[in-house]
Structure formats: C-alpha cells, structure tokens
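Subject: Structure handover

Hi,

Here is the structure I promised to pass on to you. Have a look at it first, and my notes on what turned up follow below.

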Amino acid sequence: MRVYVPLTLPGLAEAHRTGELGSGPFAAYAVTPALREWYSSEDTEELEYAALGRAALASLRLLAAEPDTVRRRVVVAVDVPDGAVTAGPDRSADPAALGEVTVTPTVPLAKAAAVHVDADDAETDVAAAAEALEAAETGDDDAQSAVEDADDHELLWYATQEIPNLVRPA
C-alpha cells in the first residue's frame with residue numbers, strides 16, 4: 001500500500017540522518033474507503049493525488065505547530081505492506097482525518113518512493129496558510145482563502161537520491 005507521510009524539512013532531515021522515516025506507530029495518509037467515498041472517483045491516480053493532498057494539509061498542520069520551521073510542506077511517498085497499516089483513529093466525522101492511517105512498524109527511509117516538497121516560491125503562501133490554519137478550520141472565510149492559496153502550489157516531485165540536497169542548509 002502506498003502511504004503519504006507528512007513531514008517538515010527538519011523532519012525530513014532527521015529521517016535522512018537516522019535512516020528511518022518513522023518509528024511506528026505514526027500517522028500517514030492513503031486511499032482509504034472513506035477517502036474513496038468522499039472523492040467519489042474510481043481513478044486510482046486521482047485517489048492517490050487526493051491522499052497526497054491530505055498529507056500536504058497535515059504537513060501544513062505540522063508547520064503551524066513549528067513557527068520557526070522553513071515554510072515548505074513535505075510529503076514522503078512510501079510503499080508498505082498492507083498489514084503494516086491500520087485505519088486512523090475513529091474520527092470519521094472529523095474532516096481532517098479523511099484518509100488518515102496508522103503505520104505500525106518502523107519504515108526505513110530507503111523504502112521511500114519519492115519526496116514531494118513545495119518550491120521556494122510557495123513559502124510566502126504556505127507561511128500565511130500556516131498562520132491562518134486554526135481560524136480556517138473554524139470556518140473563517142479569509143483564513144480558508146489563505147489555506148487555499150497554499151494549496152494552489154503543486155508540490156514538486158523529487159527522487160529519494162535528492163534528499164541530501166533538500167535538507168542541506170542553504
């Protein structure tokens with residue numbers, strides 16, 4: 001099963017340093033029955049993209065909690081055995097939990113298929129979205145607009161061999 005793990009650049013640097021994407025259990029996002037129903041598509045590629053988007057939103061939540069972190073969302077795509085994944089906590093009524101799964105075992109970073117990261121030019125919008133996220137989640141229209149502005153930035157695809165360049169200090 002392909003899962004999408006939300007991180008920040010410091011989180012990716014730590015994974016690179018330790019060689020572990022996460023020591024289980026940890027949260028990730030995947031094509032779950034609830035996500036499939038919400039997105040109402042049978043196209044696997046579209047569903048995977050929706051799961052990636054859910055992980056990008058979770059990365060934004062991590063950034064909101066870490067105000068001194070570089071304002072770029074990070075998502076690592078990794079394939080894990082089906083038995084390593086369980087449905088997320090019973091928060092089905094919580095829109096933030098859509099597609100959420102728990103990965104039980106430790107996952108070596110070497111198993112990652114790709115890394116998705118915001119471009120440098122997204123930082124201003126991502127910073128504004130991280131600042132506005134709490135208000136957006138309570139229904140503030142202006143704050144929701146700020147989060148949507150960040151979502152308008154496509155995450156760039158990087159091969160895992162490029163991780164050292166992504167985490168190297170500028």
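Let me start with a side-chain arrangement: Arg 54 sits over the face of Trp 38, 5.5 Å from the centre of the ring. Please keep in mind that this is a predicted model. As for pairs between aromatic rings, the count for the structure is 0.

Now to the nonpolar cores. The largest one is made of 27 residues, and Val 3, Val 5, Leu 12, Leu 21 and Val 115 have the most contacts inside it. At least two residues of this core come from each of β1 (2-7), α1 (9-18), β3 (26-29), β4 (74-79), β6, β8 (112-117) and α6 (163-167). There is also a second, separate core with 15 residues, among them Ala 55, Ala 58, Val 75 and Leu 155.

Setting aside residues up to four places away in sequence, Val 3 touches Ala 28, Tyr 29 and Ala 30, then Val 76, Ala 77, Val 78, Val 80 and Val 85, and finally Val 101 and Val 103.

Is Val 103 buried or exposed? Its relative accessibility is 0%, so Val 103 counts as buried. With residues up to four places away in sequence left out, Val 103 touches Val 3, Gly 24, Pro 25, Phe 26, Ala 28, Ala 84 and Val 85. For a sense of distance, Val 103 and Ser 59 are 44 residues apart along the chain, and their C-alpha atoms are separated by 16 Å.

Beyond its neighbours within four places in sequence, His 116 is in contact with Leu 52, with Arg 73, Val 74, Val 75 and Ala 77, and with Leu 155, Leu 156 and Trp 157. Val 75 and Leu 155 were named above as members of the second core.

Ala 112 is in strand β8 as well. At 9% relative accessibility, Ala 112 also counts as buried. Which residues does Ala 112 touch, not counting those up to four places away in sequence? They are Val 76, Ala 77, Val 78 and Thr 160. Ala 112 and Glu 37 are 75 residues apart along the chain, with 27 Å between their C-alpha atoms.

Helix α4 may interest you for its geometry. How far apart should its ends be? With 15 residues (123-137) at 1.5 Å a residue, helix α4 should span 21 Å, and its end C-alpha atoms lie 20 Å apart, which agrees. Even so, α4 has a kink of about 45 degrees, centred on Glu 131. The buried residues of α4 are Val 126, Ala 129, Ala 130, Ala 132, Leu 133 and Ala 136. An α-helix has 3.6 residues a turn, so residues three or four places apart point the same way. The buried residues of α4 pack against α3 (44-65) and α5 (141-151). After α4 comes Gly 139, with a positive phi near 100 degrees.

Finally, in helix α5 there is Asp 149. Asp 149 counts as partly exposed because its relative accessibility is 35%. The C-alpha atoms of Asp 149 and Pro 169 are separated by 27 Å, with the two residues 20 places apart along the chain.

Happy to go through any of this with you.

Best wishes

Definitions and conventions. Residues are numbered from 1 along each chain as its sequence is written. This is a predicted model: local features need pLDDT of at least 70, side-chain atom pairs count only at pLDDT 80 or more; totals for chains, interfaces and linings use all residues. Side-chain values use heavy atoms; hydrogens and water are left out. Buried means under 20% relative accessible area, exposed over 50%, partly exposed in between (1.4 Å probe, protein chains only). Contact means heavy atoms within 4.5 Å. A nonpolar core is a set of buried Ala, Val, Leu, Ile, Met, Phe, Trp, Tyr and Cys residues joined through side-chain atoms within 4.5 Å. Helices (H or I, at least four residues) and strands (E, at least two) are DSSP runs, numbered from the N terminus. The expected span of a helix is 1.5 Å times one less than its number of residues. The bend at a residue is the angle between axes fitted to the seven residues ending there and the seven starting there. Rings of Phe, Tyr and Trp (its six-membered ring) pair if their centres lie within 6.5 Å; planes under 30 degrees apart count as stacked, over 60 as edge-to-face and the rest as tilted. A charge sits over a ring if NZ of Lys or CZ of Arg is within 6 Å of the ring centre and within 35 degrees of the ring normal.
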